[in-house]
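Here is a friendly tour of the model shown below.

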Amino acid sequence: LRAFHGRREDAGRRFVHAGVKIVVGERSRPEEVADAVAEGDRAVAQVALHAVEGGPLVIALDALRGIGAERVRERRHRIEHAALCPQALSRELADVGATVVTHPDFLRLFGEKNESELAPEEYDALYPLRSLLDAGVTVALGSDAAVGVARPLAGVAAAAARVTAQG
């Protein structure tokens, strides 16, 4: 990113698809994530924050909040996955202007694993498309191929049915 900092007019010629992906995990340092997001934004890159659940989602939200909702919307910065997202975080995602790219087919593909690892009261927060949409979040569905199956309609069906492969 440093090579492109401050070169707005140059970015379009140097990138075919200007963007940067930042993986946010439980051990990520909030200030480092915030710095990387701000640097990507200054470099005119679309920022994708890979944040799956609670702690990483909060870190990603704080980083986006640091550049402001208007910039987040203008640049179409996004959060990828938001797989385990309580309703309160859905409202925060809407406030910060982030798009969520999520993979509801994982409900079908990994449902039994999720059920064995989560408390029953957490199930509604798993790939919560309705909560995200009701909160005003822009949502896009993806397959996350090659981890998931590259069949878009399978994701749509999984989002509607919300059942595991075993039913």
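A pocket here is an open set of grid points where a 1.4 Å probe fits, with protein on both sides within 12 Å along at least five of seven lines. By that definition, the second largest pocket of this predicted model has a volume of about 180 Å³. The largest pocket comes to about 280 Å³.

**Confidence in the model**

- Across the chain, the mean pLDDT is 89, and 89% of the residues reach 70 or more.
- Among the elements, helix H3 (residues 54–67) has the highest mean pLDDT, 97, while helix H1 (residues 8–14) has the lowest, 54.
- Residues 1–5 stay under 50 in pLDDT, and the model has 11 contacts for them beyond four places in sequence.
- Where pLDDT is low, the predicted coordinates should not be read in detail.

**Overall fold**

- The chain holds 9 helices and 5 strands.
- Read from the N terminus, these elements follow the order α-β-α-β-α-α-β-α-β-α-α-α-β-α.
- Of the 167 residues, 41% count as buried.
- Taking contacts between residues at least 6 apart in sequence, 76% join residues at least 24 apart.

**The largest pocket**

- Its lining has 15 residues, and Val52, Ala83, Lys113, Asn114 and Tyr127 are the ones nearest the centre of the pocket.
- Three elements each supply at least two lining residues: strand S2 (46–53), strand S3 (78–84) and helix H7 (111–117).
- By residue type, the lining of the largest pocket has 8 nonpolar, 3 polar and 4 charged residues.

**The second largest pocket**

- Leu107, Gly111, Asn114, Glu115, Tyr123, Asp124, Leu126, Arg162, Val163 and Thr164 line this pocket.
- Helix H7 gives the largest share of that lining, 3 residues.
- The lining of the second largest pocket divides into 4 nonpolar, 3 polar and 3 charged residues.
- Is Asn114 buried or exposed? Asn114 counts as buried because its relative accessibility is 14%, and the cut-off for buried is under 20%.

**The nonpolar cores**

- The largest nonpolar core has 29 residues, and those with the most contacts inside it are Val37, Leu49, Leu64, Ile79 and Leu93.
- Strand S1 (19–23), helix H2 (30–42), S2, H3, S3 and helix H5 (87–96) are the elements that give two or more residues to this core.
- H3 provides the largest share of this core, 7 residues.
- With neighbours within four places in sequence set aside, Leu64 is in contact with Val37, Leu49, Val72, His77, Ile79, Val96 and Ala98.
- A second, separate core has 9 residues, including Leu84, Leu118, Tyr127 and Leu129.

- Which residues of H5 are buried? They are Leu89, Ser90, Leu93, Ala94 and Val96.
- The cover over these buried residues includes H3, helix H4 (69–75), S3, strand S4 (99–102) and H8.
- Gly97 follows H5 and has a positive phi, near 85 degrees.

**Two backbone details to look at**

- Most residues other than glycine have a negative phi.
- Tyr127 has a positive phi, near 45 degrees, although it is not a glycine.
- Tyr127 sits in the loop between H7 and helix H8 (129–135), and it counts as buried because its relative accessibility is 5%.
- Arg162 is found in the segment after helix H9 (152–161), and with a relative accessible area of 37% it is partly exposed.

Conventions:
Residues numbered from 1 in each chain as written. Predicted model: local features only at pLDDT ≥ 70, side-chain atom pairs only at ≥ 80, totals over all residues. Heavy atoms only, no water. 1 Å grid on protein atoms, 1.4 Å probe; cavity = no way out; pocket = protein on both sides within 12 Å on 5 of 7 lines; lining within 4 Å. Points joined across faces, edges and corners; volume = space filled by probe spheres on them. Helix = DSSP H or I, 4+ residues; strand = E, 2+ residues; numbered from the N terminus. Nonpolar A, V, L, I, M, F, W, Y, C, P; charged D, E, K, R; others polar. pLDDT = per-residue confidence, 0-100. Contact = heavy atoms within 4.5 Å. Core = buried A, V, L, I, M, F, W, Y, C linked by side-chain atoms within 4.5 Å. Buried < 20%, exposed > 50% of the residue type's maximum accessible area, 1.4 Å probe, protein only.
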